[in-house]
Amino acid sequence: MSAMVEIENVTKRYAGGFEALKGVSLTIEDGEILALLGPNGAGKTTLISTICGITSASSGSIRVGGHDVVSEYRSARSLIGLVPQEINLEPFERVMNTVKFSRGLFGKARDDALIEKVLRQLSLWDKRDSRIMQLSGGMKRRVLIAKALAHEPRVLFLDEPTAGVDVELRRDMWDTVAQLKRDGVTIILTTHYIEEAEAIADRVGVINKGEILLVEEKAALMTRLGQKELRIDLQTPIDVLPDALRDRGLVLEEGGQVLVYTYDTKQDRTGIASLIREVSDAGLVLRDLQTRQNSLEDIFVGLVSDQESAA
């Protein structure tokens, strides 16, 4: 795949000295979905705003589709669709006119068939004559996406698109994003919902305090950093671990009812077979065994905690 967005050593410093972006470098491939995760104030929105030309970088360079976002602003911006966090729509305007107007802002010729396709894709066709103020919060977010798609961008930025949206509508939005990917749109998604990254992203990036901590394919990230837990449910609770098990890294949970053993999925030998024998030899009776894979949320929290501990 070829690079669609190229970010090289970008910094953003404000007048008071605060550095929102600290030498960010990132390449986003054509046609992929990148989920950018980070806590509040991590720099996610600042990075998107800088790519879209809403704010200017203090140093570094950004290219979209090969066009520099400063020296070739119009060419770069015409490739970008942006769905911001805040819902800022004219409340008395109708859905159809709102989306058509956005297409016109980019100097695109009228295309009623395309607008209809976008509205149908986002389940807005039945609402095309409704005024914005008559829509639910979730439907207003869909209008924001329709506006962003009206000029047929090749890159779509979704900045917290499902914030405040109920679970059912959120999953509908995931389906919409998956369809956009099939249509060839490159998508950069910022989110607080880790499950969104797990559900739809090709790659996951973690940003905190203006620095990119990691960018990796989702599956590879889970394999490389993922750990599993073996949970051993005992027939009878115990107060302390038997002497023979104290060096096995076991943790007692649920009032001594459960032994928890954490192991690395990358290792050739997990040690589980020998552990089960040792548990039995110690006179403990097993009632059940369960395994649990680390989630992206566990990995994300660990990365951010490690950075803050090192600071």
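## Sheet

In which sense do strand β9 and β10 pair, and over how many bridges? Strand β9 (residues 203-208) runs antiparallel to β10, with 6 bridges between them. Two strands count as paired if DSSP finds at least two bridges. Arg203 has Glu217 of β10 as its bridge partner.

The model is predicted: local features need pLDDT of at least 70, side-chain atom pairs count only at pLDDT 80 or more, and totals for chains, interfaces and linings use all residues. Residues are numbered from 1 along each chain as its sequence is written, and side-chain values use heavy atoms, leaving out hydrogens and water.

The open sheet has 6 strands with mixed pairing, in the order β6-β7-β8-β3-β9-β10. At the edges sit β6 (80-83) and β10 (211-217), each pairing on one side only.

## Helix pairs

Helices (H or I, at least four residues) and strands (E, at least two) are DSSP runs, numbered from the N terminus. Axes are lines fitted to C-alpha atoms, for helices over the stretch in contact, and angles run from 0 to 180 degrees between N-to-C directions.

Helix α3 (residues 95-105) packs with helix α4 (residues 112-121) at about 120°, their axes 11 Å apart. The contact (heavy atoms within 4.5 Å) is made by residues including Val95, Met96 and Arg103 of α3 and Leu114 and Ile115 of α4.

With helix α5 (residues 137-149), α3 makes an angle of about 30°, and the axes are 7 Å apart. Here Val95, Thr98, Val99 and Ser102 of α3 meet Val143, Ala146 and Lys147 of α5.
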